[in-house]
Amino acid sequence: MWTNAQVPLEESTRPLNSRQEVVPRPGLHRRPMTAPKTQKDKESKRKRVLLTVLAVVVLLGILVTAGYFIKELIESKYFFCKRSVKFIPIEEACDGKDDCAGGEDEITCLSSFTDNTTFPVRLMTEQLVLQVYSSGPGWRSVCSDDWTEQHTQTACKQLGYTYKPRNTSVPVDTLTSFLKTGPFTAVRPGTTNTPIHQATIDRSVCRSGSVVSLSCSDCGKVHPEDRVVGGTDAVIEDWPWQVSLQQGGQHTCGGSLVSPSWVVTAAHCFTGSKKELSRWRVVSGQTYMGTLGGSCVDRVIVNGNYNSAQNDYDIALMRLCSPITVGVGRKPICLPPKAFGLPAEASMTVTGWGYLKENGKVSPSLQMASVPLIDRAQCSSPTVYGSIITQRMICAGFLQGGVDACQGDSGGPLVYFTSSRWHLVGVVSWGVGCARERRPGVYCNVEEMLNWIHTVVEENP
């Protein structure tokens, strides 16, 4: 039989179910009881952040654009003297007087050069026969005797732009008549690094029966193709030597790459207040007119014989701060050889972004037009231009008018295609109006300027 055992109760003063006193600990807080955020709230917050970022980006873009145009506007009117920290009117820069401390405004200016010596190396006729010069015997064709690849490198380097140069031998009996009888010269053995005109010895005949013909570069090699007034749209890949010369962000003249570092243009592009170099940029590789980017210029050299009243010797050279990268849209044009011999009424091409009509406006895209050579006697007749046409000029166009270069095309190329290459035969110079009847375009004759071009390039490496 079960009985209830009696268990003595332990005396305690602690109440049953007593609450333990909670000692608060720092850093622990009760999370407020709030409703969880909905997906709609999160998306709204994201949108506000994105709009804020977008607004900041747009504002920065506006400020940068405004700053660019303000800078261009200031630079179009003033020259900044860094040393003396002041602005002077742009007309006072390159005026022959020191208006900035240390003559800073007279340092980066164009210069002029007159060639008073004969550049001693040249290529002759369409056969590109190498000739050298010395004051006694004059010009002599170089025989293939003892010629080496190193001689090819040396000779081409003297002529400027060099890319994969190569030589061929041309039999003397196939030369143009006035070259067949000499005089001749040949290189001396062991003179591979000596300038070619100093490495030769005269010969009455070539032992090899042939002379040296040089191809120094890949200039002018694109497939042949037709706003210049009366012209048609063009693409830069077909005329990759064409460049835009811009001053203060504005297209001013055209030009032609003749090497990765040098541009041929017209002397008249640098009249007035256009003599300060930092304001010029050369934009290349573009079909459509653009103002951003481009190459800076560290030399502008005009022909010292340039006559603004008669437009004679209208040629200049610009040297880029650094060479352009040659590619599909940027490639030099070939300079013509001496005695190039353009055929009568040769079809040539002029390109540029100039006015589409007289007193019009520049074209936004590159234009081209085919124009025929006009005989010098006809161009200098009293019914056309008369006696103002000199040996340093060639005329091209149609006497009935309709197709012509125009304002904004100045300095640009007039080119001729032969022997699988384009050659720079003229520089857009002047004319009366644009595409008028019996007022064709007049171009600086590049062949007559070869000695000057080669001398400038050699003296400004």
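Here are some friendly notes on the model above, point by point.

1. **Ground rules.** This is a predicted model, in which local features need pLDDT of at least 70 and side-chain atom pairs count only at pLDDT 80 or more, while totals for chains, interfaces and linings use all residues. Residues are numbered from 1 along each chain as its sequence is written, and side-chain values use heavy atoms, with hydrogens and water left out.

2. **Confidence.** The chain has a mean pLDDT of 87, with 88% of its residues at 70 or more; pLDDT is the predictor's confidence in each residue, on a scale from 0 to 100. Please read residues 1–18 with care: their pLDDT is below 50, and beyond near neighbours in sequence this stretch makes zero contacts in the model. Contact here means heavy atoms within 4.5 Å.

3. **The main core.** The largest nonpolar core counts 46 residues, and F270 and M318 have the most contacts inside it. Such a core is a set of buried Ala, Val, Leu, Ile, Met, Phe, Trp, Tyr and Cys residues joined through side-chain atoms within 4.5 Å. Among the elements that each supply at least two residues are strand 13 (250–257), strand 17 (316–320) and helix 5 (450–459); helices (H or I, at least four residues) and strands (E, at least two) are DSSP runs numbered from the N terminus. Leaving out residues up to four places away in sequence, M318 touches several residues, including L245, W262, F270, W280 and V297. A second, separate core of 16 residues includes A396, V403, A405 and V425. In soluble globular proteins, nonpolar side chains tend to be buried together.

4. **Helix 2 and T152.** Within helix 2, the buried residues are H151, T152, T154, A155, C156 and Q158. Buried means under 20% relative accessible area, exposed over 50%, and partly exposed in between (1.4 Å probe, protein chains only). Strand 4 (121–124), strand 7 (166–171) and strand 10 (210–215) are among the elements that cover them. T152 counts as buried because its relative accessible area is 0%. Not counting residues up to four places away in sequence, T152 touches W147, P165, R166, N167 and L214. Its side chain also makes a polar contact of 2.9 Å with the side chain of W147. A polar contact is a pair of N or O atoms within 3.5 Å; within protein, one must be able to donate a hydrogen and the other to accept it, and residues adjacent in sequence count only if both atoms are side-chain atoms. Just after the helix, G160 takes a positive phi of about 110 degrees.

5. **S144.** This serine sits in the loop between strand 6 (138–142) and helix 2 (149–158). S144 counts as buried because its relative accessibility is 14%. Apart from neighbours within four places in sequence, S144 is in contact with S169, S208, S210, V211 and V212.

6. **T252.** T252 belongs to strand 13, and is buried with a relative accessible area of 18%. A polar atom of its side chain lies 3.2 Å from the backbone oxygen of Q250.

7. **Rings.** The structure holds eight aromatic pairs. Rings of Phe, Tyr and Trp (its six-membered ring) pair if their centres lie within 6.5 Å; planes under 30 degrees apart count as stacked, over 60 as edge-to-face and the rest as tilted. W239 and W241 form an edge-to-face pair, 6.2 Å centre to centre with 80 degrees between the planes.
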